[in-house]
Amino acid sequence: MAGRPPVSEAAPPRSGWQERLKNEWLLLLFAMLAIALALFDPQPAASYRRWLQLPTLAGLLGLLVAIQGIRDSGLVQHAAGVLVARTHTLRGLGLLLVTCTALLAMVLTNDVSLFLIVPLTLAIGGISNLPVARMAVLEALAVNAGSTLSPIGNPQNLLLWQHAQLPFARFVLAMLPAAAVMLALVAALTLAWLPEGPVSLRAVQVDGHRVATPLATGSIIALAAMVLAMEYGHAVPGALLLVLAFALLARRSLARIDWLLLATFAAIFLGLGHFAELPPIRHGLDRLVLDRPLTLYASGIVASQLISNVPATVLLLDRAHDAIALAVAVNVGGFGLATGSLANLIALRLAKQPQGLRLFHRVSLPFLLVCAPLAYLAWRWLG
């Protein structure tokens, strides 16, 4: 008995590993899927490079670097204090954040919107009684709804807009009925789900943040430069330059980057990209009659739930005869499972709330069931 270590001495390492595995289960799941598919269905190296989507990963890295610099400068915390001091109710504050998220998604894309709003929400939660976990879920829904309206709001819209060669205004008008339904549902959920009552400030923490002006200014410039680099197809060199600049001038911010988030997305891209091109999947799609609007709509939603909406768009693009119908379908398919849209995963990862994924699914799955028929009817009747 004397040689046996006390239970308390052995417990911390075990719980630490268990906690880490629990937090990174999505990375492990898709890494195992990618490895299994590579072993049982080996493909040329060019296929893996295509599935990896290096420009997307590079853009994500650049955004992570710039936003981390903004957070480390204290600017987000300062903005949180200013915003909370001028908002009196929790529902009013929540609706303001959700509205900003949706509007930014229309012009800056869904991921950039989340990288700006979720850190702000976390900072506000640190100085007030705002329920951060609920807000993270609402902002994930809002970014999907807002980005639906714009041809540049998310990758699937950009792809379909360019493929269909529609004028910008015509695409917006065609998507407006479905987007309006989504935005109305998100607003209604925000008002119904957030608690009533005033915003309570933790006064000690409101004024405790100084802004490092050089870091804040440089990071804002870096963010704008990265968005432009992504817009004009230079995401990889743009991200490399950003990493180099921060390595020289703000190494501490670079060290705080969530590198495992990048690894998770790489595993998702490899696993889902390979899965979507398996012969049984392609043969199954060939049997679908996608010239029927309802069939195309349902197929886009189901495919988005299985392989995320951007790969689903690529998979169905050449088989669909109506680009707008497919656009509505894959945008609605961003709700439901967290993997329906990569924006959902970004929001949950940035928020890092306990049981955040479970809370998201408790809300997002019913939201999809309500939204899907209403968006379809609005698109068919008013589009």
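**Entry 1: a helix pair.** I noted that this model is predicted. I looked up helix 6 (residues 90–108) and helix 10 (residues 168–193). I recalled that two packed helices are described by the angle between their axes and the distance between the axes. Here the angle is about 155 degrees, and the axes lie 9 Å apart. Angles over 145 degrees count as roughly antiparallel, so helix 6 and helix 10 are roughly antiparallel to each other. Helix 6 passes helix 10 in a right-handed crossing. I then listed who makes the contact. Helix 6 supplies R91, G94, L95, V98, A102 and M106. Helix 10 supplies L183, V186, A187, T190, L191 and A192. By class, I wrote down nine nonpolar, two polar and one charged residues.

**Entry 2: S253.** Is S253 buried or exposed? I found S253 in helix 14 (residues 251–255). Its relative accessible area is 4%. Buried means under 20%, so S253 is buried. Leaving aside neighbours within four places in sequence, S253 is in contact with Q68, G69, D72, L215 and F246.

**Entry 3: helix 9.** Which residues of helix 9 (residues 155–164) are buried? I noted Q156, N157 and L160. They cover an arc of only 95 degrees around the axis, so they sit on the same side of helix 9. I recalled that an α-helix has 3.6 residues a turn, so residues three or four places apart point the same way. The buried residues of helix 9 pack against helix 8 (132–148), helix 10, helix 18 (309–317) and helix 19 (323–332). Just after helix 9, Q165 takes a positive phi of about 55 degrees.

Key:
Residues are numbered from 1 along each chain as its sequence is written. This is a predicted model: local features need pLDDT of at least 70, side-chain atom pairs count only at pLDDT 80 or more; totals for chains, interfaces and linings use all residues. Side-chain values use heavy atoms; hydrogens and water are left out. Axes are lines fitted to C-alpha atoms, for helices over the stretch in contact, and angles run from 0 to 180 degrees between N-to-C directions. Helices (H or I, at least four residues) and strands (E, at least two) are DSSP runs, numbered from the N terminus. Angles under 35 degrees count as roughly parallel, over 145 as roughly antiparallel, 65 to 115 as roughly perpendicular and the rest as oblique. A crossing is left-handed if the near helix is turned anticlockwise from the far one by less than a right angle, and right-handed if clockwise. Contact means heavy atoms within 4.5 Å. Ala, Val, Leu, Ile, Met, Phe, Trp, Tyr, Cys and Pro count as nonpolar, Asp, Glu, Lys and Arg as charged, and the others, Gly among them, as polar. Buried means under 20% relative accessible area, exposed over 50%, partly exposed in between (1.4 Å probe, protein chains only). The arc is that of the directions from the helix axis to the C-beta atoms.
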